[in-house]
Amino acid sequence: MANWHIIDLVTEDKEAVAQTATLLFEGFKTHWANAWPSLTDALAEVKLSLEEDRISRIAIDENHQVLGWIGGISHYDGNVWELHPLVVRSDWQKQGIGKALVTDLEAQVKQRGGITLWVGTDDEDGMTSLANIDLYPNVFEHLANIKNLHGHPYEFYQKIGFVIVGVMPDANGWGKPDIYMAKRVK
């Protein structure tokens, strides 16, 4: 197993910025193609993450190859931070990088006085039982009975302490909800 660690992504490291944009584009194109439909869109998102009021961290190996990326956006006067986004290179998934990036983000948020970390995890292509149905008028009933049909990441977040706190029906079009999850920063 290769050695890797987590560092800040910085504007001056143009190679890491470019690798991160490619990772974002490639990582989301299968299930969330509308998130960053081009490499140019992904690069714009990465550059946004480098603004002063944000957190942008990458996992890199000993050759300075980007293996994963996580971002954080402050809300509610810094009490709440949004995890946006999280992506791990496909050949490095299920090796602890995603969990380590989230744990690292939690520490960064705590240092800044944050209390809660939240994430929106979209279902645009029928990965859960919440997709392709009309969630109204029984939104909470559907949410209470959620099922993971095709490897949706909400279960990853549950395993690391997040709980489902809500859903936005039709966030990405009819039958394409955004599942909201959160956890207290410890």
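Buried here means under 20% relative accessible area, exposed means over 50%, and partly exposed covers what lies in between, with a 1.4 Å probe and protein chains only. The structure is a predicted model, in which local features need pLDDT of at least 70 and side-chain atom pairs count only at pLDDT 80 or more, while totals for chains, interfaces and linings use all residues. Residues are numbered from 1 along each chain as its sequence is written, and side-chain values use heavy atoms, with hydrogens and water left out.

Helices (H or I, at least four residues) and strands (E, at least two) are taken as DSSP runs and numbered from the N terminus. α3 has 15 residues and spans 21 Å from its first C-alpha to its last, close to the expected 21 Å; that expectation is 1.5 Å times one less than the number of residues. Ile-97, Gly-98, Leu-101, Val-102, Asp-104, Leu-105, Glu-106, Gln-108 and Val-109 are buried in this helix. Just past its end, Gly-113 adopts a positive phi of about 85°.

With a salt bridge defined as a side-chain nitrogen of Lys or Arg within 4 Å of a carboxyl oxygen of Asp or Glu, the count comes to five. Asp-104 pairs with Arg-57 at 2.7 Å, N to O. Asp-8 is partly exposed, at 44% relative accessible area, whereas Arg-57 is buried at 10%. Put together, Asp-8, Arg-57 and Asp-104 make up a network of salt bridges.

Glu-106, for its part, meets Lys-183 at 2.8 Å, N to O. Lys-183 sits in strand β7 (residues 178–184) and Glu-106 in helix α3, so this pair ties together parts that are 77 residues apart in sequence. Lys-183 is buried at 14% relative accessible area, and Glu-106 is buried at 12%.

The largest core holds 30 residues, and Leu-83, Ile-97, Leu-117, Tyr-157 and Phe-162 touch the most other members. At least two residues each come from β2, β3 (66–75), β4, α3, β5, α4 (139–144), α5 and β7. The biggest share is from α3, with five residues.

As for open space, a pocket is an open set of points on a 1 Å grid over the protein atoms alone, with protein on both sides within 12 Å along at least five of seven lines, and lining residues have an atom within 4 Å of a point. The largest pocket has a volume of about 1300 Å³, taken as the space filled by probe spheres set on the points, which are joined across faces, edges and corners. Its lining counts 46 residues, with Trp-32, Leu-86, Val-87, Gln-93 and Pro-153 nearest the centre. Two or more lining residues come from each of α1 (14–28), β4 (80–88), α3 (97–111), β5 (116–122) and α5 (154–159). β4 gives the most, with seven.

Methods: On a 1 Å grid over the protein atoms alone, a cavity is a set of points where a 1.4 Å probe fits but cannot get out, and a pocket is an open set with protein on both sides within 12 Å along at least five of seven lines; lining residues have an atom within 4 Å of a point. A nonpolar core is a set of buried Ala, Val, Leu, Ile, Met, Phe, Trp, Tyr and Cys residues joined through side-chain atoms within 4.5 Å.
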